[in-house]
Amino acid sequence: MTGRRARAAAAAVAAGLLAGLLSACSPAAGQAGEPSRTVTVFAAASLKKTFTELAHRFETAHPGTSVKLSFAGSSELAAQLNEGAPADVFASADQANMAKVEASAGVEGKPVVFASNVLTIAVPPANPAHVTSLADLARPGTKVVVCASQVPCGAAARTVERAAGVALHPVSEELSVTDVLGKVSSGEADAGLVYVTDTKAAGGTVRSVSFDASSAARNLYPIAALRSSADKALAAEFVALVAGAEGRKVLGDAGFGAP
Amino acid sequence: MSAGHQGHALPGWVTAAAAVGTGFVLLPLAAMVLRIDWPRFVPLVTSDSSLAALGLSLRTSAVSTLLCVVLGVPMALALARDTVPGQRLLRPLVLLPLVLPPVVGGIALLYTFGRRGLLGQSLDLLGVQVAFSTAAVVIAQTFVAMPFLVVSLEGTLRTSGQRFEAVAATLGARPGTVLSRVTLPLVLPGLVSGAMLSFARALGEFGATLTFAGSLQGSTRTLPLEIYLQRETDPDAAVALSLVLVAVAVGVVGVAHGRRGGSARLRTLLSWSRAGAPR
Amino acid sequence: MSLQVSFVDDARGTDLQLDVADSETVAVLGPNGAGKSTLLNVIAGLHRPASGSGRLDGETLFDLGDRARTWVPAQDRRVGLLSQDALLFPHLSVLENVAFGPRSAGAGRSEARRRASHWLEQVEALDLAGRRPGQLSGGQAQRIAVARALAAEPRLLLLDEPLAALDQSAAPLVRRLLKRVLEGRPSVIVTHDVMDALVLADRIVVVEGGRVVEQGTTDAVLERPRSRFAAGMAGLNLLHGRITDVGLAAGSGTVSGSIDATAAAGDDGVAVFRPADVAVYTQAPAGSPRNTFHVTVTDVEPHGDQLRVRAGDLAADVTPAAAAELELAPGTPAVFVVKAAAVTIYPGKPAH
C-alpha cells in the first residue's frame, strides 16, 4: 500500500516536473492577461539595445500587442529560421545571412536596408600603445585582436586592411565582436577592430579611434517580414517602424549610419 | 541489465527510465551523424585549419591532463586524508570550476594571469606573457579539468580506506613508501579514470579558452573553437569536426580501458575491488 | 619487563594499563567497545591517546602529557599488528606481500625475497608464493598475514581477533600456527574466545568499560573469575556483593557459601558457582539451608547433552526431561536453588 502510494507520488512529481519543464520551454504558456497579438523578431546581437527600445515604442503605439525579441549572431538566427523556428521578422547584421533566409525560409517582398555600420579601432581607455591610426596597429609589439575572417566583423577587417594597404598580424582572431571587446577592455590587447556601435555600447570601457579606410567596408543591415509569419500585417508594421524616421533616430543615436 | 551479470533484478521502471536517459544522450549524437555530408567529410576534416586545431587540442589536452595529475593527486590525497585545516570550506572552493560557467572561469583566469592580472603583472616583469599563448590554453584547460580528477580520485581514496596504509606502517614502511607501494597502486583505476575524465573535459573546453587565451590558428584555436568558427560559414564542416572530436574522445577512453583490461595486475585489482575488500 | 603502557583517552573514556613480560603472551578479553582495539592501536602507533606513556624494551614509544610530546611513528616502532582481516595488499603477490617488511627496512630485492621465502616456509605456505591474495582462502590469507608480520621482525606482536573471521575448519589450523610462532615472543592478543586464551596466552587481562577489571594467569582467572565477563567466559555464575560473617550480601539477600581464607568481613567480594550445581524448581522447596533465587527465565539453549537455562545473569544446567517437566520457556517464573557447599566466596572488586 505504501509502496503504491509512494509510486503514485513519484509519478505525480515526475509529471509536475515535466509540465514545468514544458511550460518553461514555451514562453507563451500560462501567462495571464496575454496581449491578443504578438510579433516575434529575430535580430542580430548588435541591435539589442536599439531594438529593445523600438519594440517598447511599438508596443506603446499598438496597445494590446507584444513584441518578442530574440538576439543572437546573424548566422545563428538564419540557421534557426531555416530549421523552422517560428518568427515574424528577421533583422540581419549582413546581407549574406539575409540572402540565406530569402533562399530557404523565405521573406515577404524584398528586404529593406535600414542601417549601416563601419569599423573603428577600439583601444583601452588609457590607450597604452598610443594608437592613433590603422597603420599604428601594424607596429611590431602592438597586440591587435580582430574577428576571424569567417565572421562578418572579420571579413570587414580584411577589406579595410586591403583598402588601407596595411598588413596586420593579430595575436588572436576572435569568434565574435564581444570577444574582441573583452580582450581590449581587459587590457590584454592594445587594440581591436570592431564596429562603431560596439564601442558606443561598451560605454567607457573602451575608446574609439576612427580611421579613413573604414568606409571601405560599410556593413548594411537588412530587415524583412518572414513568409511564415502568422500576422504579416503586424510584421510589416514593425518593419516600417524600424526602417522609418523613428527607427532612423533611435539607430542613429546608437552610432548606426544611414542606410 | 544483461543476464550475464549477477545481482538483483532492477524494477521495470528503472530500466525504462534508463532507456529514456540513454536515448536522450544518444539521439542527438545520431542526429548529428545523419547530417554529415559524407562525400565532403574527408576534405573537411583534413583541411589545414582542421588538422591544426585537432593537433593543438590533442597536445594541449595531453599537457593539461599531466598537470592535472601532478597537481590533482596531492590535492586529492590531502582532502581524502582530512589533513587540511578548514577543509570543509576548502573542498567546495577547490571544486568551484565544476560549477563555474567556463566563460566566468576564463574571466577569473584573465584577472589572475592576464597582463593586468594578480600574477600577470609580476610575470610581465619577468618577461613572461601568458595571454594569447598556447600556455594560456593549457592553463584554461587545467583549470576546468582538474576538479574531475580530484573528485574522482578522492572518492576512490576514501572508499579504499586507510587500513592497508596502517598495516604498511606497522611493517616499517615510511610515508613515501606507503604512498608509492600501497596507496597509489590501490587507487590506480580511480586515477586512470579521473585522468581520462580530465582529458575529455580539456578536449571539449571552449568557454574559458575563448575568454582567456584567444583564438589563433596553430597556437590557441583548439578544435572546439574551430568548430564554433566553422559554424559561421560552413555548418557541414562544423558537424564533421564535431564527429572527429567525439571519435577522439571515445578512442582515448577506449584505449585507456583496453590497456587497463590488458594488465594482469590491474585486472586482479579490479576483480578484488568489485568483490569488495576481503573481510 | 618488555612492554609497559599506560594511557588515558578522553574521547573514548579509556584509562588502561598493560605490562607484558619478555616472551609472554597476554590475552586481552572484554566485551565489544571495551577499549581493546584502542589499546592495540595505541601500542602500534596508529592512535594517539590524550596522555600517557609507553616503553618497549626500555625505549620510549610515546610520552604524552602536559609537557611531554614524544610520539614515535608506527613505522619506527617495530610493533607488528595482525588483524581479523588479513589485509594482504591485493596488488602484490603473496611473496611480495611477505617481502614488504624487509623491503621497507632497506633489504635488497633478492634478500627480501629470501627472507620472505623463509617465513612462508615457517607458516607452511611456500607453495602459495606466486598467488595473488584474491586467490587465497581466508585461512591461507591469515597464514600469509602472520608470515608478513613476522618477516618485519617485530619486537612485539599484536593480534586483534586473529581468528574471528575464519570459518570453523580454518581456525584450529591457524591457532596451532599462532601457538608455534608466539612461543617465546612477547605478544598481545585481543580475543572474544576463551579457547584462544587457553591455548595461546600465559596471562589474561579483562577490560570492561575502558578499564582493566581483572588480570592474572589464565588458570587463575578462569578458575576464580572476579569479573562477570571472565565468569561468563569460564562458564560460571558470579554475584558481586559485600562479604559478611556468614556469606555474601548481594542484592536483596545473603548468599551462603564457603568463604575463602583471604576474605574479611566488610570487603567487596564475589560468590561463584557452577551452573551444573544449580537446581531449578517452580516453587521454593523447604528443607536444608540453601540459596534460592526467584527469577524469570530469559533463554533456554542446548549445552552439551543438557539444557542451559538462563535467567538474567544466572545460568542453570538441567536435563531436557526436567526442562520439559518444568515447562521452562522464556518468560516463565522459576526458582534457582544452589547448595551453600557449591558456592565459593572470595574477595573481588565490583565492576565499576
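First, the ground rules. This is a predicted model, in which local features need pLDDT of at least 70 and side-chain atom pairs count only at pLDDT 80 or more, while totals for chains, interfaces and linings use all residues. Residues are numbered from 1 along each chain as its sequence is written, chains are lettered from A and ligands numbered from 1 in the order in which they are written, and side-chain values use heavy atoms, with hydrogens and water left out.

Which chains share the most contacts? Two pairs of chains are in contact, and of these, chains A and B share the most contacts; contact here means heavy atoms within 4.5 Å. Chain A and chain C have no contact, and their closest C-alpha atoms are 35 Å apart.

Take chains B and A. On this interface, 22 residues of chain B are in contact with 25 residues of chain A. The area buried between them is about 2200 Å², with 49% given by carbon and sulfur atoms. Buried area is the accessible area, with a 1.4 Å probe, that two parts lose on being put together, summed over both. In chain B, the residues that lose the most area to chain A are B:R115, B:F132 and B:E232, together 32% of what that side buries.

A:E173 and B:R221 meet through their side chains in a salt bridge, at 3.3 Å from N to O. Between chain B and chain A there are also 11 residue pairs in polar contact, both at pLDDT 80 or more. A polar contact is a pair of N or O atoms within 3.5 Å; within protein, one must be able to donate a hydrogen and the other to accept it, and residues adjacent in sequence count only if both atoms are side-chain atoms.

Where on chain B do these residues sit? Helices α11 (207-212) and α12 (223-233) of chain B each supply at least two residues of the side that touches chain A. Helices (H or I, at least four residues) and strands (E, at least two) are DSSP runs, numbered from the N terminus. The largest share of that side, seven residues, comes from α12(B).

Next, chains C and B. Here 24 residues of chain C are in contact with 23 residues of chain B. The buried area is about 2300 Å², and carbon and sulfur atoms give 65% of that. C:Q75, C:L87 and C:H91 supply 30% of the area that chain C buries against chain B, more than any other three residues. The rule finds two salt bridges across this interface. C:D85 and B:R163 meet in a salt bridge between their side chains, at 2.9 Å from N to O. Four residue pairs are in polar contact across the interface of chain C and chain B, both at pLDDT 80 or more. β7 (79-82), α2 (94-104) and α4 (138-151) of chain C each supply at least two residues of the side that touches chain B, and α2(C) gives the largest share, five residues.

Last, chain A on its own. Chain A is divided into domain 1 (36-116 + 220-253) and domain 2 (119-216), with bounds that come from an automatic or database domain assignment. Taken over C-alpha atoms, the centres of these two domains of chain A are 28 Å apart.

Notes
A salt bridge is a side-chain nitrogen of Lys or Arg within 4 Å of a carboxyl oxygen of Asp or Glu.
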